Amino acid sequence: MHDFLEIVGLSISVSLAATAVAATVSLPIGAALTIFPFAGRRLTVILINAFFGLPPVVVGLVLYLALSRSGPLGFLELLFTPAAMVIAQTILAIPIITALVHRASERAWARYGDELIADGATRLQALPQILMIVRADIVTAVLAGFGRTVSEVGAVILVGGNIRGLTRTMTTAIALQTTQGDLSLALALGAVLVGISISVSATVFALAGRARTAGSDEV
């Protein structure tokens with residue numbers, strides 16, 4: 001029971017930390033890609049959307065090489081620690097949150113951008129206003145990012161090492177316990193993970209429907 005609670009607690013804490021960091025980075029970038037014109041903006045948007053489906057195992061491999069003793073970031077000694085897992089999950093969540101916030105910001109800017117500029121707001125001052133307008137979409141984007149991080153296994157097992165009591169998460173524990181034949185623990189962790197995934201998906205769906213309804217009411 002202690003192992004079960006420890007694994008679930010670590011999984012949720014690591015995923016929440018990664019999602020929080022990813023959201024901090026992604027929210028201003030997603031809105032800025034809409035508000036500020038610059039050379040290469042379209043290419044940047046295309047790349048972010050392309051990274052939406054970034055293979056987790058490739059992210060884990062690159063990060064492993066960077067954090068290993070012979071790698072450029074080896075001096076940080078982060079490999080096989082929860083911090084390395086947070087970094088890996090953050091990298092995977094950033095494109096998702098950025099892309100979703102950008103799409104929502106595009107709609108808001110098309111509707112309210114001219115009005116904000118006419119009222120004397122600079123583009124920098126308009127950025128938080130646009131984020132406030134799309135706050136429901138932001139919650140959806142953040143939840144989608146959390147759903148991505150909490151279900152991740154490939155990158156996490158490479159940089160975390162699946163060490164008992166230190167870096168073992170629900171996904172890595174399920175894989176290990178299944179191969180060892182301990183199906184009771186694997187099924188219990190799987191049930192928790194499925195419950196979290198369903199809850200996140202249902203909330204995202206409900207918020208998306210509410211946002212569409214609100215948008216149609218404003219027209």
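**Stop one: the cavity**

The largest cavity in this predicted model has a volume of about 30 Å³. A search of the whole structure finds 1 cavity of 30 Å³ or more.

Which residues line the largest cavity? Select Ser11, Ser15, Gln89, Thr149, Val150, Glu152, Thr169 and Thr171, and you will have its lining on screen. Now color that selection by class: the lining of the largest cavity shows 6 polar residues, along with 1 nonpolar and 1 charged.

**Stop two: Phenylalanine 80**

Move on to the loop between helix 3 (56–67) and helix 4 (82–118), where you will find phenylalanine 80. Check its backbone: phi is positive, about 65 degrees, although this residue is not a glycine. Most residues other than glycine have a negative phi.

**Stop three: Asparagine 162**

Finally, go to the loop between helix 7 (154–160) and helix 8 (170–180) and pick asparagine 162. Here, too, is a positive phi in a residue other than glycine, with a value near 55 degrees. Is asparagine 162 buried or exposed? With a relative accessible area of 10%, asparagine 162 is buried, because buried means under 20%.

Note on methods:
Residues are numbered from 1 along each chain as its sequence is written. This is a predicted model: local features need pLDDT of at least 70, side-chain atom pairs count only at pLDDT 80 or more; totals for chains, interfaces and linings use all residues. Side-chain values use heavy atoms; hydrogens and water are left out. Helices (H or I, at least four residues) and strands (E, at least two) are DSSP runs, numbered from the N terminus. Buried means under 20% relative accessible area, exposed over 50%, partly exposed in between (1.4 Å probe, protein chains only). On a 1 Å grid over the protein atoms alone, a cavity is a set of points where a 1.4 Å probe fits but cannot get out, and a pocket is an open set with protein on both sides within 12 Å along at least five of seven lines; lining residues have an atom within 4 Å of a point. Grid points are joined across faces, edges and corners, and a volume is the space filled by probe spheres set on the points. Ala, Val, Leu, Ile, Met, Phe, Trp, Tyr, Cys and Pro count as nonpolar, Asp, Glu, Lys and Arg as charged, and the others, Gly among them, as polar.
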